[in-house]
Amino acid sequence: MEFLRKNTEKKNFSERTALSTTNGSTAFIKNPKSDFGDGFKYIMLNFFYKDKQGIVVQAILFNNLNFVQNKTFMEIFHSFKFHE
């Protein structure tokens, strides 16, 4: 299992603004070795935080890296928004 983490506090300002977040972090896991990830090659865990509202954790499981460039992926990624 390979684990990569990306902090988005100062990066991806446009994404944070679109989701109305204060900051967040993304963990990308290759070849997960767990019951949760069984049958998938990749897990993307997104952690979103908004001051005085809370934390959202989003898990996206998939097998093909091209999926992240797909319209369906973007719909899933943008499937929530914090209150303004």
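Is phenylalanine 28 buried or exposed? Phenylalanine 28 is buried, with a relative accessible area of 16%; buried means under 20% relative accessible area and exposed over 50%, with partly exposed in between (1.4 Å probe, protein chains only). The model is predicted, so local features need pLDDT of at least 70 and side-chain atom pairs count only at pLDDT 80 or more, while totals for chains, interfaces and linings use all residues. Residues are numbered from 1 along each chain as its sequence is written, and side-chain values use heavy atoms, without hydrogens and water.

**Overall architecture**
- The protein has two helices and four strands, taken as DSSP runs numbered from the N terminus (helices H or I, at least four residues; strands E, at least two).
- Its elements follow the order β-α-β-β-β-α from the N terminus on.
- Of the 84 residues in the protein, 32% are buried.

**Aromatic rings**
- The structure holds seven aromatic pairs; rings of Phe, Tyr and Trp (its six-membered ring) pair if their centres lie within 6.5 Å, and planes under 30 degrees apart count as stacked, over 60 as edge-to-face and the rest as tilted.
- Phenylalanine 28 and tyrosine 42 form a stacked pair, at 5.6 Å centre to centre and 25 degrees between the planes.
- This pair links distant parts of the chain, 14 residues apart: phenylalanine 28 lies in strand 2 (residues 23-30) and tyrosine 42 in strand 3 (residues 42-50).
- Tyrosine 42 is buried, with a relative accessible area of 14%.

**Strand pairing**
- Strand 3 and strand 4 (residues 54-62) pair in the antiparallel sense over nine bridges; two strands pair if DSSP finds at least two bridges between them.
- Phenylalanine 48 has valine 56 in strand 4 as its bridge partner.
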